[in-house]
Amino acid sequence: MNSEMPSKGKIEELYNSYYPIFSCILNNIQSALSETIDLNPRPVLKSRIKSFKSYYQKVLRQRADKIYHTDQLVCLTDMIGVRVVCAFLEDISVVVKQLSDNYSVREIERKGSDHNFKEFGYESVHVLIDIPSDCLDLSVLSADYVKSHPIPKELCCEIQVRTILQDAWAEVEHELIYKTEFTPFDEPLRRKLACVNASLSLADTIFQEIRDYQKKFQRAVDERRETFYKQADVITDKENGLASSGSQKKEPEKIGRASPYVRGTIDDMILRALQAHNSGNLDLAVSVYTEIISSGEKMNDTVLSVIHKHRGMAYFAQNKYKEALADFEKSAGLGKDNFRSIYYMGIVHSVMGNEEKALEAFTKSLEINGFQSHAYYRRALSYFNLNEYQKSLEDLASAARLGLDNEECASLRAKLNKKFDMM
């Protein structure tokens, strides 16, 4: 054992000699992580090998007693690292769980979680994982080199999981404070840094709240649409003598307010209307939709189109077909490519017995978006009711190609076959 500390040059030479091994292992890990982490939107992966300058400073602080073994590399936990940069706060826990499920985790540390509101410092979740055996493939390196550079047993990979804003703050903080070994003592400057950090944290929280709201809103919209389709199916199936599979009624999700601080806003009123709509309180839903439309609030055409569309659905559920049709027409007129509202117009026309107008609406909707299996099925029904059986059969085939082949389709196909047999 050496009794004297080796020179910085010798330590650097040993460290640099391991760089090809670290680089190879890190590339393997990053490739594995890109397949393991399943998230939408996809996170950005950044990898790095610790610079010798950072390594030397840290090893002197933490492992100086080990550095006398010049024939062995002193290993730190962050020699190699991957940063996973996510869009939203909720994504962090998803990534950490996926890492825990797929790798041997040594430690999970939540950096910055102990800061109080007056302090500044970056937040990040650090996950230390053992190097997976399949990431130790060093076949791209020469056998002699690998033999003379055994992989340190202590080697692991540090995976940092952050949001985009947390990552931005960490990068700036690193340049302003950590890299210059400077901690500001000036109180006004400390307050400014704390304010910037707090602003970024608040922005992350707001982004997450908006995403949560959008998810709730989309689930409610999807439920409205599904209920509307089912009601239309029941009516038309009865009129056409077709089989209907039916479905069990689900308990509507309680949406809640957009925020306790936005009472009376358009978002808040829309959520209130959707909750009433999903709960079957159609009078209240129509009342709130109408209040929004006539509120005088400045809304763009897209928002107004959506509200007219949802009020039309509520009217339809009340069997007020003329009112529903008027709202769907208004909705369609507020957007150039509003194929769904045009499709809804076709459904109402069909229910009212106006098959030629229904046919016209379904065709126009399909011209805008030709990947609507239900629109093909509905147009097939209209063609059937207009005695155009060949066109009906062709549309039924188009619906099947797009994945729609349920009991109603089978019933219509049977009726068409019977008509062709009679010819």
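Which residues touch the most other members of the largest nonpolar core? Keep that question in mind as we walk through this predicted model.

**Stop 1: the largest core.** Select Phe316 and Ile347. Among the 57 residues of the largest nonpolar core, these two touch the most other members. Now colour helix H7, residues 187-240: with eight residues, H7 gives the most to this core. As a bit of background, nonpolar side chains in soluble globular proteins tend to be buried together.

**Stop 2: around Ile347.** Zoom in on Ile347 and show what surrounds this residue. Leaving aside residues up to four places away in sequence, Ile347 touches Phe228, Tyr229, Ala232, Phe316, Phe362 and Arg378.

**Stop 3: another core.** Next, select Cys24, Ile49, Ile131 and Leu155. They are among the 43 residues of a second, separate core.

**Stop 4: the sheet.** Switch to a cartoon view and look for five strands, which form an open sheet with mixed pairing, in the order E1-E2-E5-E4-E3. Strands E1 (44-49) and E3 (105-111) stand at the edges with a single partner strand each, so one side of each has no neighbour in the sheet. From one strand to the next, the twist averages 20°.

Stop 5: Finally, show helix H2, residues 19-36. H2 packs on the sheet, where it touches E1, E2 (80-86) and E5 (156-163). The direction of H2 makes about 165° with that of E1.

Note on methods: Residues are numbered from 1 along each chain as its sequence is written. This is a predicted model: local features need pLDDT of at least 70, side-chain atom pairs count only at pLDDT 80 or more; totals for chains, interfaces and linings use all residues. Side-chain values use heavy atoms; hydrogens and water are left out. A nonpolar core is a set of buried Ala, Val, Leu, Ile, Met, Phe, Trp, Tyr and Cys residues joined through side-chain atoms within 4.5 Å. Buried means under 20% relative accessible area, exposed over 50%, partly exposed in between (1.4 Å probe, protein chains only). Helices (H or I, at least four residues) and strands (E, at least two) are DSSP runs, numbered from the N terminus. Contact means heavy atoms within 4.5 Å. Two strands pair if DSSP finds at least two bridges between them. Axes are lines fitted to C-alpha atoms, for helices over the stretch in contact, and angles run from 0 to 180 degrees between N-to-C directions.
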